[in-house]
Amino acid sequence: MENVTVIVLAAGGGTRMKSKTMKVLHPVAGRSMIGHVLKAVQAVEPQKIVAVVGHQREQVGPHITAIVPDAVLAVQETQDGTGHAVRVAVEAAGTASGTVLVSAGDTPMLRGESLREFVADHQASGRAVSILSGRVAKPFGYGRIVRDEAGAVVAIVEEKDATDEQRAIDEINSGILAFDAEFLLGALPRLSNDNANGEYYLTDTVKIALADGLAVGAHQVADVAQTEGANDRAQLAELGRQMNARIVTAWMKEGVTVMDPATTWIEDDVVIERDVTILPGTQLLGATVIREDAVVGPDTTLKDTEVGSGARVVRTHAELAVIGDGATVGPFSYLRPGTQIGASGKVGAFVETKNAVLGEGAKVPHLSYVGDATIGEHTNIGAGTIFANYDGVNKHHTTVGAHARTGSNNTFVAPVAIGDGAATGGGTVVREDVPAGALVVPGAKQRLIENWVLDNRAGTKQADAALAATHADGALEHS
């Protein structure tokens, strides 16, 4: 691409969203609408990106610069139309030369390859103005591309200003335009707001170019859905559905098996290798990566999670976790951030983990909580085990060595360490370190304190129940 400046329009209020969140910040497929647009415009290799902000710019501006740190923010204090917005952008940029590409900020399905083709066509044609257009079955609300008998573009007419004959035209203006920069700089001061809305329309530059005897044309995009925006939650949901369908289809064409595309959601940044199987009811979110031959689902949500080759993850919720090659997870497991499961490891049914590192072949099969812990290779943690990591003020770490075997219903009171090859008996509360190869078992005989509840919790429902049972037992003894 030759010397391209991109202007992204993101100043509108989006009142029909009825949200405290600015319209262009609403997410689709794991990225904000304007985030998708900013990703797409990068394909034309712009020398400068200028974003026009207005409503809720305290939200929008930082979001844009987080994605494109060197973006120029232009503030449109009053929304007086697209022509006024572009004028504000040009003033903020200081100057522009070559080609100026103008895009809306709420078209999340826009793709970079379409913009590259559009800009290449504009530059090759030598036009003053090029319009990215498309044909739609229901053009209501769009500006119409008006052509003469020879097919040349003679105007863009907005819905409110169109005649009945012009409203019947099905070729629409997408709102994405390319300009010769020198022409645009001269045309912006010549725009008028003499129209139904009292706004400065950028599309009136077509009239100015034609009056000056300059070339104007439209480049039709076959996939016109790429240019669709969202003005309310219903339209946003429909765009999300369309985008998800495209993402899922693309992965299936790359060799991924998706058992039920209708119930599978895959966000835009997810990476999936060949021969992965995705079962129904699965959501793959954020920067999740699934390696070859893994099986994920059903009813599983993974966010920013890596799943190794050949792993099996069923009915699981995981976030910021790493699941090793050949590992098995679930059903009904909850992997919280910081979880790492080694190759061939296992986290089984009704297990929750957090900041837990399991070595190769280590297993936590059933009904356990593992928080702030390191578990050595090929160790087995007994059912119902709790890693008691919190003392009410601070979190503490537990280390279990390699090839250890721990009994059911253990509690490891952190900080504590269990050595390599050690064992623990069922029901053990481990408060002190266990040496390698040692066995620790519950040591104290069960102690019974009669009438403790009546003496210490009198007046409670617990005490009332105990008292009633005591009286009942006494009555039975005397009967």
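I'll start with His366, where UniProt, in an unreviewed entry, places the feature "active site". UniProt positions follow the numbering used here, feature names are shortened, and annotations may be inferred rather than shown by experiment. This is a predicted model: local features need pLDDT of at least 70, side-chain atom pairs count only at pLDDT 80 or more, and totals for chains, interfaces and linings use all residues. Residues are numbered from 1 along each chain as its sequence is written, and side-chain values use heavy atoms, with hydrogens and water left out.

His366 sits in strand 29, residues 363–366. Strands (E, at least two residues) and helices (H or I, at least four) are DSSP runs numbered from the N terminus. With a relative accessibility of 40%, His366 counts as partly exposed. On that scale, buried is under 20% relative accessible area, exposed is over 50%, and partly exposed is in between, using a 1.4 Å probe and protein chains only. Leaving out residues up to four places away in sequence, His366 touches Ala349, Val351, Gly382, Ala383 and Gly384; contact means heavy atoms within 4.5 Å.

Asp106 is in the loop between strand 6 (99–104) and helix 4 (112–125). Is Asp106 buried or exposed? Asp106 is buried, at 13% relative accessible area. Beyond its neighbours within four places in sequence, Asp106 contacts residues including Met33, Val37 and Asn231.

Met33 and Val37 are among the buried residues of helix 1.

On to the cores. A nonpolar core here is a set of buried Ala, Val, Leu, Ile, Met, Phe, Trp, Tyr and Cys residues joined through side-chain atoms within 4.5 Å. The largest has 54 residues, and Ile272, Leu284, Ile290 and Ile323 have the most contacts inside it. Helix 8 (233–253), strand 28 (352–358), strand 30 (369–375) and strand 35 (416–418) each supply at least two residues of this core. Helix 8 gives the largest share, 6 residues. A second, separate core has 35 residues, including Leu9, Val50, Leu202 and Ala218.

Finally, salt bridges, meaning a side-chain nitrogen of Lys or Arg within 4 Å of a carboxyl oxygen of Asp or Glu. How many salt bridges does this rule give? The count comes to 21. One of them joins Arg135 and Asp170, with the closest N and O atoms 2.6 Å apart. That pair links distant parts of the chain, 35 residues apart: Arg135 is in strand 7 (residues 129–135), and Asp170 is in the loop between helix 5 (164–167) and strand 10 (171–180). Arg147 pairs with Glu171, closest N and O atoms 2.8 Å apart. Arg147 lies in strand 8 (residues 144–147) and Glu171 in strand 10, so this bridge ties together parts 24 residues apart in sequence. Arg147 is partly exposed at 32% relative accessibility, whereas Glu171 is buried at 1%.
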